[in-house]
Amino acid sequence: MSEIDDTTHFGFETVALGEKQTRVDEVFHSVARRYDVMNDLMSAGLHRVWKQNLVSMLRPSRTRPFHHLDVAGGTGDVAFRIVEAGGPRTRVTVADINAGMLAVGRERAAKRRESRVEFVEANAEALPFGDASQDGYTIAFGIRNVPRIERALSEARRVLKPGSRFLCLEFSRVDLPGLDRLYEAYSFAVIPRIGELVAKDRDSYQYLVESIRRFPAPGAFARMIEAAGFARVTHRPLSGGIVAIHSGWAM
Ligand SMILES: C[S@@+](CC[C@H](N)C(=O)[O-])C[C@H]1O[C@@H](n2cnc3c(N)ncnc32)[C@H](O)[C@@H]1O
């Protein structure tokens, strides 16, 4: 990715920065209705464990008001877990650029009679929230899709109150010998096929696996989080490095 030559990657393709968001939006409009079931199928339910780990690290207050922002929050999967873990005064705003994903999220909230989660159409690169307005920020499997990652990180830093936490759950680099080759084969041979059969959209899931390969290695991404002004930046691999949770503190 380079902001100097105005290009970035859409999976393995090099595209203009302005084109990436349009292509990403097409992907999530196409898969929105099958998005949650696909996550269960592709990860054999593991995405639930990863998201639960993210929420455990966040530890939303059970007693005080806690205004949390879940960016690229899609269908609300992380947000619902946060309000469950928090107290009655925990509120989560799901900010996502895609109206299709948000529509599914709103339907899920209505079915659960969950009024502590609200859904807002917004771009991670230019959030419509005030400086130091949020008690927490999460982004799960979202930042990889954002064309200008540096801008999204800088926005995260801007909206967080001092002393609050940034947490990012993202695909990472498998670091267990043997598992790496198995994972590679599964990703490229099986996931696009499941996408074709279940979501009737092979290309979107081909993009998914390619975008995972294109995402910076965990050390490099940690340095980007530091460069955005976060302190005490750490990352923790889960499931042999299939995913990692990156953490930073706004000071
Ligand atoms: C893989 S989904 C993750 C959804 C949810 N966080 C989860 O873990 O189930 C990626 C989401 O990122 C959103 N997204 C992509 N680019 C974005 C941007 N620039 N700003 C906000 N959301 C974006 C997509 O619309 C999509 O809902």
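Q: What makes a residue part of the group that surrounds the ligand, and which are the closest?
A: A residue counts as near a molecule if its C-beta atom, placed from the backbone, lies within 6 Å of it. The ligand is surrounded by 21 residues, and the closest are Ala72, Gly74, Asn98, Ala124 and Ala140. Two or more residues of the shell come from each of α1 (17–31) and α4 (77–85). The model is a predicted one: local features need pLDDT of at least 70, side-chain atom pairs count only at pLDDT 80 or more, and totals for chains, interfaces and linings use all residues. Residues are numbered from 1 along each chain as its sequence is written.

Q: Which element gives the most to the shell around the ligand?
A: That is α1, with 3 residues. Helices are DSSP runs of H or I with at least four residues, and strands are runs of E with at least two, numbered from the N terminus.

Q: How do you know that β1 and β2 pair?
A: Pairing requires that DSSP finds at least two bridges between two strands. Strand β1 (residues 7–10) and strand β2 (residues 13–16) are joined by 4 bridges and run antiparallel, so they meet the criterion. Thr8 stands opposite Val15 in β2. The two strands form a hairpin with 2 residues between them, and Gly11 in the turn has a positive phi of about 60 degrees.

Q: Why is Ile149 called buried?
A: A residue is buried if 20 or more other C-beta atoms, placed from the backbone, lie within 10 Å of its own, exposed if 12 or fewer, and partly exposed in between. Ile149 has 22 within 10 Å, so Ile149 is buried. Ile149 is found in helix α6 (residues 149–159).
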